[in-house]
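Thanks, everyone. Have the model up on your screens, and I will walk you through some side-chain pairs and one surface patch.

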Amino acid sequence: MKPKYGKKRWIALLASFAILFSMVPPSTGQASELDKVNKELKQLQSEMRAAELKQQEAKSTKAEAQKMVVKTTKDMNVLLGEIDKKANEMVSVATQIDTSESNLETTAHELQEVNHRIEDRGKLLDTRVRLMYTNGFVSYIDVLFSATSFSDFLDRIDSLQSIAAQDKEILAEHKRDKQLVVQKKQEIETELKRVKLLYAKLDSAKKDLMLKEKEKEVMIASYNEQIDESDEASEEQERLLMEFAQKRADLIRKKNSLNRPKPTQKSPQRVYTYTGGKLGVPLAADYYISSKFGSRTDPINGKSGAFHSGIDMAVAGGTPIYAAENGAVILAEWWSGYGNCVIIDHGNGLWSLYGHIKNGGIKVKKGDTVKRGDKIAEVGATGRATGNHLHFEVRLNGERVDPEDYLK
């Protein structure tokens with residue numbers, strides 16, 4: 001009996017059946033597992049979004065606190081200038097007080113001398129009075145009419161005129177001396193009261209300024225505490241985001257595995273699994289390491305003992321950045337203090353991270369697969385950076401490790 005179909009026709013039919021079988025949807029178990037993975041991915045994405053919002057809130061709080069630190073520091077510097085000004089004025093007034101007290105002391109000596117002169121004049125007057133009134137009260141008329149001759153009368157008139165003139169001068173000197181000393185003493189006492197009052201006012205103003213300075217110091221300390229708390233919150237959210245990224249990478253890998261065509265379908269699978277060896281240097285241009293992995297002084301706040309999670313490779317802005325190894329891009333966006341950031345999953349728990357990429361400098365997107373040496377970004381200074389450089393980080397199973405161990 002002659003076959004219904006020829007050999008070529010049978011081969012074509014078999015190929016068609018193979019294609020049909022390969023297109024058969026996953027089994028019920030696979031579909032259920034895939035749905036579960038998709039739900040977990042959706043939930044994880046929601047959690048990541050919440051963590052990102054908290055991180056942004058912490059960054060916003062920190063930025064506001066930093067702005068207030070700058071403003072309050074400026075205000076405090078103005079206060080310090082005012083305090084110095086008041087202190088200098090107080091020194092000047094204190095000198096005036098010393099001068100016034102010295103003048104008052106001099107005036108006291110002068111008053112004492114005047115009193116001596118008044119006392120001496122009093123003795124002179126007493127002597128003259130005793131001579132004139134030895135036998136009781138004697139008027140000028142009695143003295144004149146007691147003259148024994150006209151010549152004696154003229155002599156008596158001259159004597160009386162001399163005595164009267166002398167009395168008048170003595171009394172005038174008494175009056176001048178007393179008025180002069182009393183006036184001078186009053187002037188100095190008034191001046192002394194004035195400068196002492198001025199000194200008291202300056203001292204009060206200075207104390208008030210110093211109190212305000214203390215208030216500003218307390219405010220700055222409070223803002224710095226907010227900054228530290230925001231940093232801690234940001235670091236905690238960053239840790240969570242890294243954990244979420246790890247979970248997302250695992251779920252995507254699992255999802256790809258469930259969606260992977262059956263072995264009968266001959267289609268290439270781009271699965272990157274790091275098997276060891278050195279990573280490629282992410283920069284082709286000359287660079288120097290400005291900060292190593294490990295403990296260091298924080299370049300932003302100057303605090304010692306800060307942990308640096310990667311190496312900083314200083315180079316000009318815009319310098320191309322290359323993938324250190326084959327892998328899948330699991331993050332290509334702004335990432336907290338890293339600024340614009342790319343993370344590549346190389347498989348077997350090894351990630352590489354590229355931070356502080358310039359704005360518009362990310363050349364890949366999440367989900368892309370890259371090969372070692374592919375250009376992925378350009379150097380910048382975004383995020384928590386003080387200048388253009390590449391922050392290169394390596395993580396093994398989520399833990400930060402020294403990148404130089406993988407580059408040397």
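**Around Arg395**

The side chain of Arg395 makes a polar contact with the side chain of Tyr338, at 3.2 Å. A polar contact here is a pair of N or O atoms within 3.5 Å; within protein, one must be able to donate a hydrogen and the other to accept it, and residues adjacent in sequence count only if both atoms are side-chain atoms.

Before I go on: this is a predicted model, where local features need pLDDT of at least 70, side-chain atom pairs count only at pLDDT 80 or more, and totals for chains, interfaces and linings use all residues. Residues are numbered from 1 along each chain as its sequence is written, and side-chain values use heavy atoms, with hydrogens and water left out.

Back to Arg395. Its side chain also has a polar contact with the side chain of Glu393, at 2.7 Å. Arg395 sits in strand β11, residues 389–396. Helices (H or I, at least four residues) and strands (E, at least two) are DSSP runs, numbered from the N terminus.

Is Arg395 buried or exposed? Arg395 counts as buried because its relative accessibility is 6%. The cut-offs: buried is under 20% relative accessible area, exposed is over 50%, partly exposed is in between, with a 1.4 Å probe and protein chains only. Glu393 is buried too, at 0%.

**Salt bridges**

Side chains of opposite charge can pair when their charged atoms come close. The structure holds eleven salt bridges. Each is a side-chain nitrogen of Lys or Arg within 4 Å of a carboxyl oxygen of Asp or Glu.

Glu393 has one with Arg400, 3.8 Å from N to O. Arg400 is partly exposed, at 34%. Elsewhere, shared partners join Lys358, Lys375 and Glu378 into one salt-bridge network.

Now the helices. Lys67 and Glu64 form a salt bridge at 3.5 Å, N to O. Both lie in helix α2, residues 28–132, three residues apart, about one turn of the helix. Lys67 is exposed at 51%; Glu64 is partly exposed at 40%.

In helix α4, Glu217 and Lys214 are likewise three residues apart. Their closest N and O atoms are 3.8 Å apart, in a salt bridge. Glu217 is partly exposed, at 32%.

**Whole chain**

The protein chain has five helices and twelve strands. Of its 408 residues, 31% are buried.

Which loop holds Val281? Val281 is in the loop between α4 (150–259) and β1 (288–291). Val281 is partly exposed, at 39%.
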